[in-house]
Amino acid sequence: MTHLKTTARSLSMAIVAALVLAGCAPSAAPSAPAAAPAQPSATAATAAPPTPTPPIQALPRIETPTPAAARPSPATPTPASAEKPRYGGILTAYQSSEPTSLDGNQETTIFTLQNQTSVYNGLLAVDPSKLPDRVITGDLAEKWDVSQDGKTWTFTLKNDVTFHDGKPLTSADVAFTLERMKSGPDNIKAPFKELFEAIAKVETPDARTVRVLLSRPVSYFAILVAHPAVSIMPKHILEKDQHALEQKSLGSGPFMFKAWNKNVSIELARNPNYFKKGLPYLDGIRWITLREPATQIAALRTGRVVFGGHGTRGLSKREADLLEKDVPGIQISRYSTDSVQHLLVNTRKKPLDDIRVRKAIFNALNQQNVIDTAYQGAGFKGGFIPPGEWSLPEAELNKMPPYRGPTQADLDEAKKLLAEAGFPRGLTLEMLQPHLYEPMTLTVTADLRKAGIETRIRVVQYPVEWIPLVTKGNYDLSIGPTVLALYDPDAYMKNALTGDSENYTGESNPEVDALYKKIGTIVDSAERKKAADQIQLKVWEQRGHFPTFYVMYLHAALPVVKGWKGPGRLRDNFRYEDIWLAQ
């Protein structure tokens, strides 16, 4: 099976041509993957925790999907498995919070994606059998190819795929979904709008063919359409009411929506007509809402839930270590993520509209302190883009107090800036604390106190209470969790754009907006890197937001859970169609 694995810098026409080969080459035996940057991966219960490594996201390999006839029967165990998969049973898992809605196109929070990805399918997907190596393969797409200029992507859909209501899934549904993600009609949120701007037109020559015409080559397009938020939605339902699937869901995936009992559980049932014959094994999944960490751990220990931490609050390093010690055979996955926790400053409110006050705040922030104190070392330092080819040079990052750690001179300057702004005795600000982030909030507030800034902590439920507050600007400071679509400047810098749906700080700078548009038009990788550095430095000048740290996630599955390999990165393995229960 021909494949390609390279880094996200691959914007040249040579790489675009290689993508063509990857999408339409005949099947062959898979070659050994190229060496990848070290990153945390799923580990056996007895393995020692790996040292955190930078969360670099390389462009995944892209493979032609193996024809269904050539795939082994789902009921046949792999050579690595001594047990034959069993059918039946309900997977019980915990979720740390309620989703704001069940419409995956509109929601980037993990609290929607973790329980709704298994209801839907996308054009492409990360192949769970290859994890932790990230390989893009076909999901609804049977095959695809890319034109020599990289501007036309043609997908051929698998035959006889139906939605859960029995209606056929066709190219019209794909075109409808892509347009929905790009334009956000009828007050529909479009969180990835900027990433879809290059789509000039979507053509549907027949029911199984989708032709996407881009205004410019987009190196990350395959990764983007493999994102679980780009779930293909039923046009026949949403064209009548774009909000129809916010409180219930209907897709083509291995599991069907059964019930959403608010603040209790989300229940899914097996799809008996799933187009991947023989899957899923489970009769259903029950996502139980457990907000408190102590309750979550107790539920795992007692077997009330058998699966927890993936795509939700995650486990702390201490919790994972204790479970690994106390529960024989427990499976602990450790993995890097595209999840970043920003400190957000509401630039629209006084006195935070004063750059001197904002500089004082960020002079006191200390990433390493948050990682060590709040998360027992399970995290990574970084600037606006984490370590990797798009991040700022170390020399530039070391000019930033949060990254290198504030000196006494930085703290003295912070107090001086506050005095110049009219606060010689310091000031007190309200700090929103999403309910999952108490350790981080307490560490950040202790650091701010060193610069003369006191905080009143206000705990709110994330995301259902938090998102409306920060969207409307009803806060002073807040921890702002964000999960990025892909490792690329277009994804990491969009929340600094004027009017972006995830620009919660009110930042607005024409120079930043212009630089962002420029980055999207540059093909030469070296020139694009220069523009990426420029926009990061401009955003730093604004002091509206900065990462408190980048997250390492830990996840637990009890021994009864089989067929679970763990994710390569957060969101890579939310389908759960291969999981089965030993009893």
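The model is a predicted one, where local features need pLDDT of at least 70 and side-chain atom pairs count only at pLDDT 80 or more, while totals for chains, interfaces and linings use all residues. Residues are numbered from 1 along each chain as its sequence is written, and side-chain values use heavy atoms, with hydrogens and water left out.

**View 1. The whole chain, for orientation.** The chain has 17 helices and 20 strands; helices (H or I, at least four residues) and strands (E, at least two) are DSSP runs, numbered from the N terminus. Of its 583 residues, 60% count as buried, where buried is under 20% relative accessible area, exposed is over 50% and partly exposed is in between (1.4 Å probe, protein chains only). Take the contacts with a separation of 6 or more: 74% of them come from residues 24 or more positions apart. A contact here is heavy atoms within 4.5 Å.

**View 2. Helix α8 against helix α12.** The axes of α8 (residues 355–364) and α12 (residues 408–420) come within 8 Å and cross at roughly 160°. That makes α8 roughly antiparallel to α12. Axes are lines fitted to C-alpha atoms, for helices over the stretch in contact, and angles run from 0 to 180 degrees between N-to-C directions. Angles under 35 degrees count as roughly parallel, over 145 as roughly antiparallel, 65 to 115 as roughly perpendicular and the rest as oblique. The crossing of α8 past α12 is left-handed, the term for a near helix turned anticlockwise from the far one by less than a right angle (right-handed if clockwise). From α8, the contact uses R356, V357, K359, A360, N363 and A364, and from α12 it uses D410, L411, E413, A414, L417, L418 and E420. Sorted by class, the contact of α8 with α12 has seven nonpolar, one polar and five charged residues. Ala, Val, Leu, Ile, Met, Phe, Trp, Tyr, Cys and Pro count as nonpolar, Asp, Glu, Lys and Arg as charged, and the others, Gly among them, as polar.

**View 3. Helix α16 against helix α17.** Here α16 (residues 510–519) packs on α17 (residues 525–542) at an angle of about 160°, with the axes 9 Å apart. The two helices α16 and α17 are therefore roughly antiparallel to each other, and α16 passes α17 in a left-handed crossing. On the α16 side look for E511, V512, L515, Y516, K518 and I519; they meet R528, A531, A532, Q534, I535, K538, V539 and Q542 in α17. The contact of α16 with α17 divides into eight nonpolar, two polar and four charged residues.

**View 4. Aromatic rings.** The structure holds 17 aromatic pairs. Rings of Phe, Tyr and Trp (its six-membered ring) pair if their centres lie within 6.5 Å, and planes under 30 degrees apart count as stacked, over 60 as edge-to-face and the rest as tilted. Y375 and F549 have ring centres 4.8 Å apart and planes at 25°, so the pair is stacked. Y375 belongs to helix α9 (residues 367–375) and F549 to strand β18 (residues 545–557), so the pair ties together parts that are 174 residues apart in sequence. Both Y375 and F549 are buried. Elsewhere, F111, Y437, Y462, W466 and Y504 make up one aromatic cluster.

View 5. Most residues other than glycine have a negative phi, and most peptide bonds are trans. A cis peptide bond joins L279 and P280, with omega about -5°; P280 lies in the loop between β10 (265–270) and β11 (284–289). Another cis bond joins Y462 and P463, with omega about 5°, and P463 is in the loop between β16 (453–460) and α14 (466–471). Back to D160: its phi is near 65°, a positive value in a residue other than glycine, and D160 is exposed, with a relative accessible area of 65%. Y576 has a positive phi too, near 60°, but Y576 is buried at 2% relative accessible area. Y576 lies in the loop between β19 (561–562) and β20 (580–581).

**View 6. T177 and its neighbours.** T177 lies in helix α3 and is buried, with a relative accessible area of 0%. Leaving aside residues up to four places away in sequence, T177 touches N105, S231, I232 and M233.
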